[in-house]
Amino acid sequence: QAKRQGRNTYQWFTCDLNTQESQRVVLRNELQTAIEKQQFELFYQPQVHAFSGQVIGFEALIRWKHPQRGYISPVEFIGLAEDTGQIIAISDWVLATACRDNVRLNSMQIGAFTMAVNISPMQFQRGNFIRSVRESLERTGLPANLLELELTEGILMENAEHAIDALHKLRREGIRIAIDDFGTGFSSLSYLKRLPIDKIKIDRSFVNDVISDQRDAAIIQGILSMAYHLQLGVVAEGIETQGQYAYLRKHGCNWLQGYYFARPMPLATLEIYLEEQHQAYQLNLARQRSDE
Ligand code: C2E
Ligand code: MG
Ligand code: MG
Ligand code: MG
C-alpha cells in the first residue's frame with residue numbers, strides 16, 4: 001500500500017514537471033505563430049497632469065489576442081519571450097506601432113502627446129538598440145521628444161557603464177527616459193544620481209495603501225522630495241481612487257496614471273476618448289469665460 005502510494009506520488013510529481021515544461025513549449029510555439037500572424041495589439045493608457053487633469057501622453061501596453069483564449073496579459077508571456085529571444089521581434093513591432101499610432105494621435109491637433117514604451121532587458125542590451133529606436137522615429141516621422149522609453153532599475157544596473165552611455169545618446173536626440181516601477185529594484189542612490197534620466201514612475205505597490213499605511217506614505221513623500229530636488233519629473237502609477245489622487249496631487253506629484261482616470265484601451269477607443277475630453281475642456285473654458 002505504502003509502496004503504491006509512493007509510486008503514485010512520484011508519478012504525479014514527474015507528470016507535473018512535464019506538464020509545466022510542455023506548457024512552456026506549447027506557449028512558445030503559440031507565441032511564434034502570434035509573431036508571424038501579428039496577433040498582438042497595443043492598448044494605450046492615458047497619463048494626466050495632476051492639476052489640470054489634462055491628458056499629456058500615454059503608455060503603450062501590449063496584449064496578445066489569442067484566437068481561442070482571448071486577450072492575454074503581458075505578465076503571462078513577456079518573461080517567456082525574453083527567455084526564448086522572441087522578445088526581439090515583439091519589441092520591434094511594439095516600438096514601430098507605438099510611434100506610428102502616436103503620430104496619428106498627435107495629428108488630431110488637440111495636444112502634444114508623449115508615448116511611453118516599455119523596454120525589455122534583452123532589447124536594451126542588444127547592440128543595435130539605439131539604431132532601432134532611431135529607425136522607428138524616422139520611418140513614422142514621430143518627433144524624438146514625443147517618445148519616452150520606460151526602463152527598470154534592473155536593466156540599468158546590468159551593465160552600468162554601457163547603460164549610462166546609451167542613455168546619454170538617446171537623450172541627446174531628444175528621447176525621454178523614465179525609470180519604471182521605481183522603488184522596487186535595488187539600485188543604490190549613488191548610482192541613480194549618475195543616471196541621465198527625465199522622470200521616475202512610482203510603483204503602484206506604494207500607491208495602493210498610501211492612505212492607510214504610513215510607511216507607504218513616507219516612502220512616497222520621500223520619492224517626491226528626492227525627485228523634486230534632483231529636478232526629475234514624477235508619474236505615480238496605479239491611481240484607482242479619489243483619495244489616492246488627492247493625496248498625490250497634494251504632495252506635488254506632477255503626473256498621474258491609473259484606472260481612476262482611464263484604463264488601457266485600443267487606439268480607436270482612445271481617439272474617441274480624447275475627442276470627448278477635448279470637447280468637455282472647451283466647454284468648460286467657454287463657461288468660465290461667460291462667467292467672468
Ligand atoms: P508596467 O510597465 O508597470 O505597466 C503598468 C501596469 O499596471 C499595466 O499592466 C497596467 O495595465 C496596469 N495598471 C494601470 N493602471 C492601473 C491601476 O489603476 N490599477 C492596477 N491594478 N493596475 C493598473 P499590464 O498592461 O498588464 O502590463 C504589465 C507589465 O507588462 C508592464 O508593467 C510591463 O512591465 C510589461 N509590458 C507591458 N507591455 C509591454 C511591452 O510592450 N513590452 C515590454 N517589454 N513589456 C511590456
Ligand atoms: Mg511601464
Ligand atoms: Mg510600472
Ligand atoms: Mg511593472
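I started at Gln109, which is exposed at 67% relative accessibility. Exposed here is over 50% relative accessible area, buried is under 20%, and partly exposed is in between, with a 1.4 Å probe and protein chains only. The model is a predicted one, where local features need pLDDT of at least 70, side-chain atom pairs count only at pLDDT 80 or more, and totals for chains, interfaces and linings use all residues. Residues are numbered from 1 along each chain as its sequence is written, ligands are numbered from 1 in the order in which they are written, and side-chain values use heavy atoms, leaving out hydrogens and water.

**Backbone.** I looked up phi for Gln109 and found a positive value of about 65 degrees in a residue that is not a glycine. Gln109 sits in the loop between α3 (87-106) and β4 (114-118). Helices are DSSP runs of H or I with at least four residues, strands are runs of E with at least two, and both are numbered from the N terminus. I then checked Gln38, where phi is near 55 degrees, again positive and not in a glycine. Gln38 belongs to the loop between α1 (2-37) and β1 (40-49) and is exposed at 56% relative accessibility. Most residues other than glycine have a negative phi.

**Metal site.** I listed the protein donors of the magnesium ion (ligand 2): Glu59 (OE), Asn118 (OD1), Glu150 (OE) and Asp180 (OD), at 2.0 to 2.2 Å. Donors are N, O and S atoms within 2.8 Å of the metal (3.2 Å for Na, K and Ca); water is not among the atoms, so sites may look incomplete. Asp180 also bridges to the magnesium ion (ligand 3), which lies 4.0 Å from the magnesium ion (ligand 2). Glu59 is in strand β2 (residues 55-66) and Asp180 in strand β6 (residues 176-182), so this pair ties together parts 121 residues apart in sequence. Glu59 is buried at 4% relative accessible area, and Asp180 is buried at 8%.

**Ligand 1.** I counted polar contacts as pairs of N or O atoms within 3.5 Å. A polar side-chain atom of Glu240 is 2.5 Å from a nitrogen atom of ligand 1. For Asn118, a polar side-chain atom is 2.8 Å from an oxygen atom of ligand 1. A polar backbone atom of Ile62 lies 3.1 Å from a nitrogen atom of the ligand. Taken alone, ligand 1 exposes 800 Å², of which the protein buries 84%; these areas come from the Shrake-Rupley method with a 1.4 Å probe.

Terms used:
A polar contact is a pair of N or O atoms within 3.5 Å; within protein, one must be able to donate a hydrogen and the other to accept it, and residues adjacent in sequence count only if both atoms are side-chain atoms.
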